[in-house]
Amino acid sequence: MDTKMTDYKNSLYRELSRLTKGLGSEKRLEILNLLTQGPKPVEGIALATGLSVANTSRHLQVLKESNLVVTSRQGNFIRYSLASAKVAQLILLLFDVGEEQLAEVRTLEADYDKESGVDQISLKEAIEMAKQTDVLLLDLRPTEEFEAGHLPHAVNLPMDEFHQNKTQLPKDRKIIVYCRGRQCGYANVAAQDLQSLGYPTFSLNRSFADWKWGKSEEF
């Protein structure tokens, strides 16, 4: 085999393997999924993932070296975001492949949904239903994520305010609850809570990122 061609091929695969280093950690996957919702400072990422700021910074450094995230300055804060729309699509595709190829993933999701006892709804069904005046599409994400982008017709009630304000929701409307998608879990928790209070509730285990980056074929 031609030496130049072999060197070229080996170098190409070596460079591409830098991406897999960034993806090779459950916590880095969680960080990347979080950033599909919008840019965040290291402190916000640490809070959302339950990691220390120091540990979060180390993971972010690996992701930056893998060219999966970039930084920008906003005032005194450094904010991290995905390097491109294709990185967001890659993360969502990875989750889709996981659901398709890994029986363990499908079992985990099915058991979690069954345990909640709440009706599940697809992304397409949720957006269609949200056009109706008797349906409320409830976004549980933090306000900064909601303001960065949200599903059509959604209203925001962040999860850290949910328990204090949930009884103020209108009982004459069907409620569809969503958060950061399948890898989050809050949608089932909040929907189960609302259902126990007598609200007609659905859980949407997809996210704004799924709609924006990865699920256009449903529409």
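User: Which helices each supply at least two residues of the lining of the second largest pocket?

Analyst: Helix 5 (85-101) and helix 6 (103-116) do. Keep in mind that this is a predicted model. The pocket's volume is about 370 Å³. It is lined by 13 residues, and Val105, Leu108, Glu109, Arg182 and Gln183 are the closest to its centre. By class, that lining splits into seven nonpolar, three polar and three charged residues.

User: And the largest pocket, what makes up its lining?

Analyst: There are 24 lining residues, with Leu34, Ala48, Thr49, Arg180 and Tyr186 lying nearest the centre. Helix 2 (26-35), helix 3 (42-49) and helix 9 (159-165) each bring at least two residues, and helix 2 gives the most, with five. Sorted by class, you get twelve nonpolar, five polar and seven charged residues. The space inside comes to about 620 Å³.

User: How do you know where empty space is left?

Analyst: You roll a probe the size of a water molecule over the atoms, and that shows the empty space.

User: Then what makes something a cavity and not a pocket?

Analyst: In a cavity a 1.4 Å probe fits but cannot get out, while a pocket is an open set of points. Searching the whole structure for cavities of 30 Å³ or more turns up one.

User: Which residues line the largest cavity?

Analyst: Leu92, Phe95, Asp96, Gly181, Arg182, Gln183, Asn205, Arg206 and Asp210 do. Helix 5 provides the largest share, three residues. The classes come out as two nonpolar, three polar and four charged.

User: Why is Leu12 called partly exposed?

Analyst: Its relative accessibility is 41%. Buried means under 20% and exposed means over 50%, so a value in between is partly exposed. Leu12 therefore gets that label. You'll find Leu12 in helix 1 (residues 3-23).

User: What patch does Leu12 belong to?

Analyst: Tyr8, Leu12, Tyr13, Leu16 and Leu19 form a nonpolar patch on the surface. Together they have about 520 Å² of accessible area. To join a patch, a residue needs over 30% relative accessible area, and Leu12, at 41%, clears that cut-off.

User: Is His153 buried or exposed, and how do you know?

Analyst: His153 is exposed, because its relative accessible area is 51% and the cut-off for exposed is over 50%. This residue is in the loop between helix 8 (143-148) and strand 6 (154-156).

User: Where is Asn67, and why isn't it called exposed?

Analyst: Asn67 lies in the loop between helix 4 (53-65) and strand 2 (69-74). Its relative accessibility is 48%, so it counts as partly exposed; the exposed label needs over 50%.

User: Last one: why is Val189 called partly exposed?

Analyst: Val189 has 37% relative accessibility. Val189 lies in helix 10 (residues 186-196).

Key:
Residues numbered from 1 in each chain as written. Predicted model: local features only at pLDDT ≥ 70, side-chain atom pairs only at ≥ 80, totals over all residues. Heavy atoms only, no water. 1 Å grid on protein atoms, 1.4 Å probe; cavity = no way out; pocket = protein on both sides within 12 Å on 5 of 7 lines; lining within 4 Å. Points joined across faces, edges and corners; volume = space filled by probe spheres on them. Helix = DSSP H or I, 4+ residues; strand = E, 2+ residues; numbered from the N terminus. Nonpolar A, V, L, I, M, F, W, Y, C, P; charged D, E, K, R; others polar. Patch = residues over 30% accessible without salt bridge, like charges linked within 9 Å, V, L, I, M, F, W, Y side chains within 5 Å. Areas by Shrake-Rupley, 256 points an atom, 1.4 Å probe, with all protein chains shown as cover. Salt bridge = Lys/Arg side-chain N within 4 Å of Asp/Glu carboxyl O. Buried < 20%, exposed > 50% of the residue type's maximum accessible area, 1.4 Å probe, protein only.
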